[in-house]
Amino acid sequence: MAQFYFLSILLNIIAGLILVYGNALSKNAGSDSDGLSEVADGFGTEGEVAGHAAPSPVTFASLDNKIFRLVVGVLSVFVGLMKLLSVFRNDIPIVGDLFPALAGMVAGASLLFDYYSSQAVGAADLPTPLQVVLVDSKKYLGIACIVVAVLHFVFPQVVLL
């Protein structure tokens, strides 16, 4: 269906941007903040020029909203699952949109785990392979989601994309 095609591209791009530029919601999610979410303006840490507050550059504050991340995570997993089950224009079932569906589901799972670990009272632990994929390398996962979404948009009829 064309709706899931569009939603897959949109949610993969949004989830990828959140994973690349968003800050970790939980304290135990790893320290992978490399400053990509902070925009330096060259005038000090507060953005002051001669005692006056400089206009702040574009920030990604909405990417750190917990509810927004929860909604994008749930929708990404749902649309990824529906992409595996639905067929778009005589495409091959399951294999036809495999990379966008898997990218959406993994990005959504990463966002959902980040939300869960920020709300959990105790320590939220994952098995080591899932910890490496969903938490430790979420910037690379975000870049992969964006690349898959752009390729899926540019080449809609290619198998696996």
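This is a predicted model: local features need pLDDT of at least 70, side-chain atom pairs count only at pLDDT 80 or more; totals for chains, interfaces and linings use all residues.
**Ground rules.** Local features need pLDDT of at least 70 and side-chain atom pairs 80 or more, while totals for chains, interfaces and linings use all residues. I number residues from 1 along each chain as its sequence is written, and side-chain values use heavy atoms, without hydrogens and water.

**Helix H5.** I looked up H5, residues 138–154 (helices are DSSP runs of H or I, at least four residues, numbered from the N terminus). H5 has 17 residues and reaches 24 Å from first to last C-alpha, close to the expected 24 Å (1.5 Å times one less than the number of residues). Its buried residues include Leu141, Cys145 and His152 (buried is under 20% relative accessible area, exposed over 50%, partly exposed in between; 1.4 Å probe, protein chains only). Ile143 in H5 is partly exposed, at 45%.

**Salt bridges.** I counted three (a Lys or Arg side-chain nitrogen within 4 Å of an Asp or Glu carboxyl oxygen). Arg69 pairs with Asp114 at 2.8 Å. Arg69 lies in helix H2 and Asp114 in helix H3, so this pair ties together parts 45 residues apart in sequence. Both Arg69 and Asp114 are buried.

Lys138 also meets Asp114, at 3.8 Å. Lys138 lies in H5 and Asp114 in H3, so the pair ties together parts 24 residues apart in sequence.

Asp97 meets Lys83 at 3.0 Å. Asp97 lies in the loop between H2 and H3, and Lys83 in H2. Asp97 is buried at 5%, and Lys83 at 3%.

Conventions
Helices (H or I, at least four residues) and strands (E, at least two) are DSSP runs, numbered from the N terminus.
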